[in-house]
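Q: Please take a close look at one hairpin in this model. Which strands does it pair with, and where does it meet a pocket?

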Amino acid sequence: MAGVFYPAERAVLAELVVGLLRGARCEIAGPKAVIAPHAGLAYSGAIAATAYRALAANRGTIKRVVLVGPTHRMGVKGIALPRADAFATPLGEIPVDWPAMAPLLAMPDVAVDDRPFEREHSLEVHLPFIQAALGPVTLIPMLASAVTPERVEAALAAVWGGPETAIIVSSDLSHFHDHETASGFDRACSKAIELLKAEDIGDHQACGRTGIKGLIRMAQRLDMRATTVGLGNSGDTGQPRDRVVGYGAYVFEQAGTARLHPERQGFLLDVARRSIRRGITAGKPIAVQIGDNAPPTLTAHRATFVTLEQEGRLRGCIGSVIAHRPLVEDVAENAFKAAFGDPRFPKLTLGELARCHLSVAILSTPRPIACASEEELVASLRPHLDGVILQDRGRRGLFLPHVWSGLPDRAQFVRQLKAKAGLPRDHWSPTMRAWRFGTEKFAGDLAPPAA
């Protein structure tokens with residue numbers, strides 16, 4: 001594809017890719033996995049660069065790249081690996097990591113076959129970015145076509161590794177719709193990725209959907225959170241807008257260690273303060289305006305809880321269990337409800353602001369806890385790490401992880417949570433369901449001191 005999807009001259013290609021990386025903006029550094037597009041660099045290169053800018057923070061640590069893409073010229077039943085010892089671009093060669101691929105070779109739906117790789121651009125277009133962003137690494141290249149997301153998940157799990165291994169899924173988004181229609185499809189696909197809802201990605205929304213769905217399944221299993229860091233289409237690059245191809249870039253972090261930039265945390269705390277003040281003066285939360293240039297970390301779909309405390313005692317706590325709107329909107333709405341909509345407390349007054357403390361918790365996607373008894377549930381919990389949701393008989397209760405500070409005993413934690421859900425403390429039934437989640441929490445005074 002040199003000379004077709006990217007420049008064939010070494011110096012020209014290096015200048016182009018390095019320039020794209022320098023021009024990219026991404027607040028998230030060092031993700032484990034990314035999704036990036038694979039069109040010609042003139043069309044999707046700027047969006048792909050946002051994902052690679054994030055990966056570049058771990059240059060030197062990353063020694064191996066797992067690269068998964070779809071086929072465009074020849075279908076594959078299962079997953080194909082090449083016979084090659086290396087992949088080449090004008091920037092040099094990337095060795096294929098045959099020793100690391102040994103677990104894949106033992107899988108029944110994985111075959112070694114060069115034919116699907118001939119003139120296949122879905123992997124090759126990424127190689128110059130890998131070389132420029134990460135330096136010397138080895139490669140595990142996979143083409144996935146007629147295969148289930150579950151089998152892609154199994155393949156990824158086999159080569160997942162640790163910090164030395166990065167996962168890259170290659171995919172464009174919607175194809176050949178007008179600009180407005182494509183934008184709607186692509187926003188919906190991005191929302192599904194951020195919510196880790198593989199089932200919401202339709203066949204028309206991403207050509208590399210099988211790889212994306214396999215990665216989402218791994219992200220669910222490992223408690224990761226996904227963020228859209230770039231989104232657009234070919235119509236944004238001066239091409240005709242009546243028949244465009246969509247492009248998106250996404251990064252996946254471990255939810256337990258993911259942290260917003262301190263400036264973004266401070267911004268969200270200020271949004272919560274302003275929403276509460278607006279509630280006092282006008283009886284409604286602030287209306288958050290999200291512009292096209294809003295930081296992706298603030299517009300990602302997230303579930304949050306906002307907690308108010310007064311002199312060390314709870315004064316209100318309201319939140320979202322499942323993400324359904326942009327982070328900044330969720331914080332504004334939940335801050336208002338924590339101050340004025342928690343049925344356990346009277347509405348907050350202006351005179352109380354200076355005595356209140358405010359905290360925001362961003363929840364990871366809840367993961368089911370397999371447990372056939374209360375004893376199994378209690379034994380599986382991780383004090384101070386796990387937030388827990390219990391549900392049975394149409395009732396549901398939730399404890400955030402900080403509740404462990406007042407209920408450090410796991411059995412007592414579960415009993416109190418059942419009581420919060422409106423269930424007897426000694427209740428258990430075969431229909432009881434439980435989930436765990438983690439949080440990123442940050443806090444400040446509700447009425448910060450004047451400058």
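A: Start with the pairing: β12 is joined to strand β13 (residues 313–319) by 6 bridges, and the two run antiparallel. Strands here are DSSP runs of E, at least two residues long, numbered from the N terminus. Two strands pair if DSSP finds at least two bridges between them.

A word on the source: this is a predicted model, in which local features need pLDDT of at least 70 and side-chain atom pairs count only at pLDDT 80 or more, while totals for chains, interfaces and linings use all residues. Residues are numbered from 1 along each chain as its sequence is written, and side-chain values use heavy atoms, with hydrogens and water left out.

Back to the hairpin. T307 sits opposite C317 of β13. Between β12 and β13 there are 2 residues. In this turn, E311 has a positive phi of about 55°.

β12 has another partner. With strand β14 (residues 356–363), β12 pairs in the antiparallel sense over 8 bridges. A303 faces L363 in β14.

Now the pocket. The second largest pocket holds about 520 Å³ of space. A pocket is an open set of points on a 1 Å grid over the protein atoms alone, where a 1.4 Å probe fits, with protein on both sides within 12 Å along at least five of seven lines. Its volume is the space filled by probe spheres set on the points, which are joined across faces, edges and corners. The second largest pocket is lined by 19 residues, each with an atom within 4 Å of a point. Closest to the centre are F305, C317, R344, L398 and K420. C317 is also the residue opposite T307.

β12, β13 and β17 (395–399) each give at least two residues to this lining. By class, the lining has 9 nonpolar, 5 polar and 5 charged residues. Nonpolar means Ala, Val, Leu, Ile, Met, Phe, Trp, Tyr, Cys and Pro; charged means Asp, Glu, Lys and Arg; the others, Gly among them, are polar.

β17 leads on to a sheet. This open sheet has 4 strands in the order β15-β18-β16-β17, with antiparallel pairing. β15 (367–368) and β17 are at the edges with a single partner strand each, so one side of each has no neighbour in the sheet. R367 has R436 in β18 as its bridge partner.
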